[in-house]
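Here's a quick tour of one model, with the cut-offs spelled out as we go. Have a look at the structure first.

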Amino acid sequence: MKRLFSPFPTPYSLLPLCSIMACIVAAAPTHAAQPLYVSYPPAKHETVADRIFLIGTAPPGGTVLVNGQAIVRNTAGHFAPSFPLHVGENRFALRYGKQAVTLTVTRLAATAALPTGLAFGKDSLSPAVDMARLPDELICFTAIAPPTARVSVKLAEQIMPLVPRPQQIELPGNASVLTQQNRPVAIAGRFEGCAHTVLLGDLGKPEFQLAQDGQTIKQSGFGSIKILSPTRLETAVVTAETGTARTGPSTDYSRLTPLPKGTQALVTGYEGDWARLDYGAWIKRSEVQILPTGAPPKSIIRSIKARQVGDWTEIVFPLQVPVPVSIQQGDRTFTLTLYNTTAQTDIIHLDDDPLIERLDWQQNNPGQIQYTFNLKSSQQWGYKLRYEGTTLVLSLKHPPGVRGEGGGDEGKSAKQGTIADLEKAQAQNSRPQAETVSALRTATALAGIKILLDPGHGGPEDLGSRGPTGYPEKTVALVITKLVRDRLQQRGATVYLTRETDVDVPLQDRVALIDKVQPTLALSLHYNALPDDGDAIKTKGVSAFWYNTQAHSLAVFLHNYLTKTLKRSSYGVFWDNLALTRPTTAPSVLLELGFMINPDEFEWITNPKEQQRLATAIADGITRWLQKSQP
């Protein structure tokens, strides 16, 4: 299970559930016959879901009762029933013969409760943090209060009424799409209002006022408001290796194209720990250095040159200032946009290239230039962005086996010469020689190809999801990864693993290894679980996750190949913002190979013969995708 959606809090990963009297620390049981055991939820679990599944096992004979009612189990004795939850504490008593387990699940309110009496909702006043905006820009205020109250806000001696929104829509979290629960809901009691101001400087904290039944209360807001002077804006310089640009001022907002180290832009607003850049993106203040502005960071551009360096084509854009950029990949197109830039271009040097058919460009509007690389193949293999001083260097990876000037031809091997010789002998109907040719073809099918495999999770704390017996995802992920590695190596591939033992490897280290190795492709191998409101009995199947366009074809192909070849259920293909799908230097896909929490699929996941079949199917799928993706 990928870390973003794992419902298993690591502090309880090695704990069985607690009885009413005591809780004994013990390692999770192995996948063998065992007494009544519940692997999920952990002790004292809290959730905002309206239901919960209980994942566990008991010997196949006999009956397991939950709060006095018999539950359905599979032939191995595993179970995964779901039960509704009310807000507050929910107790579940499980019994098998004389064995008993009792656990408590607390359901938290998903939205702030309406206040009672003359009061604002707890922590409902916004802005909730200090913020800065440009003159005449909308500043919005919100509060939760009794629906019949009158609410206003005072800022710099100006008073503005807030209007009740009886049908305010609250969107579900992103993970809700995994359980088909992504429907908005209406909430009541929210008051809103927005206003412009041309005042400059620190305006202080707004003062909220609530009046009802002849009584009035006042409460200071949490965040101060500042209006920036357009003639004295500051400049942000990206100091992180790659600055994480987002659509809004928190990690809840979507990612944009990362900004290379050294990128400069004017700061047009602040909100808490975030700065807004002049082209519209937000970035954490910790990833930039704020400098007083002498002149706005803008540039002109003239000549552009492309060159081949090993497996890559580098396109060099000489600039006066490292400006913000964005990338968009399409079908046979790769588009680079430069912001705060004006063209004075009359000449571009681009020879015949292994990857690029043609380069087109246009000045979309003042200060924004778009470069469109028309490609010779629909499949893209990776890209990199960096600044060398003020010069932007865009690198595009060649298709596998295609080498640039001075790069040699590492895709060929001495064995290929041997195949040619044996094929001549095969024409003379030599059966042993024909078998040798077939074996050599298999052994060289992936010659010159580098593949990185990432076994999900690992170490004493990051177990990943767990099956009914407590068997952890981290263990089976490593087993299947090594089996896939062996098969890829038999085909001639060079294979890298992010871990080969049960150790913790931070996500950033796994991503860094992809960027260091720059493989032909990267796969992160996992087994799935669900958010608490999912159905652990009915939900099963293989799924694939991708982020960059260059990885879409690989994700769809492997998903379809595995489900068809192995006759497994499909959970679907998802675009997903995950650490192991975000690398740009290679097509990077995360596979969820089945559901640990599904009682029947767990038996398939842990079956050694099925593991062998799965590993072969993954290696075959990779080989066939590479063959079909060649230009």
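How many nonpolar, polar and charged residues are in the lining of the largest cavity?

## The model

This is a predicted model, where local features need pLDDT of at least 70, side-chain atom pairs count only at pLDDT 80 or more, and totals for chains, interfaces and linings use all residues. Residues are numbered from 1 along each chain as its sequence is written, and side-chain values use heavy atoms, with hydrogens and water left out.

## The cavity

The lining has five nonpolar, two polar and one charged residues. Here Ala, Val, Leu, Ile, Met, Phe, Trp, Tyr, Cys and Pro go down as nonpolar, Asp, Glu, Lys and Arg as charged, and the others, Gly among them, as polar. The residues in question are F334, L355, L375, Q380, W381, G382, L396 and K397.

A cavity is a set of points on a 1 Å grid over the protein atoms alone where a 1.4 Å probe fits but cannot get out, and lining residues have an atom within 4 Å of a point.

## Strands around β13

Strands are DSSP E runs of at least two residues, numbered from the N terminus, and two of them pair if DSSP finds at least two bridges between them. Strand β13 (residues 150-155) runs antiparallel to β19 (residues 207-212), with five bridges joining them; S152 has Q209 as its bridge partner there.

β13 also pairs with β14 (residues 158-165), again antiparallel and over five bridges, with V153 opposite M160. Two residues separate β13 and β14 in a hairpin, and A156 in the turn has a positive phi of about 50°.

Terms used: Helix = DSSP H or I, 4+ residues; strand = E, 2+ residues; numbered from the N terminus. 1 Å grid on protein atoms, 1.4 Å probe; cavity = no way out; pocket = protein on both sides within 12 Å on 5 of 7 lines; lining within 4 Å.
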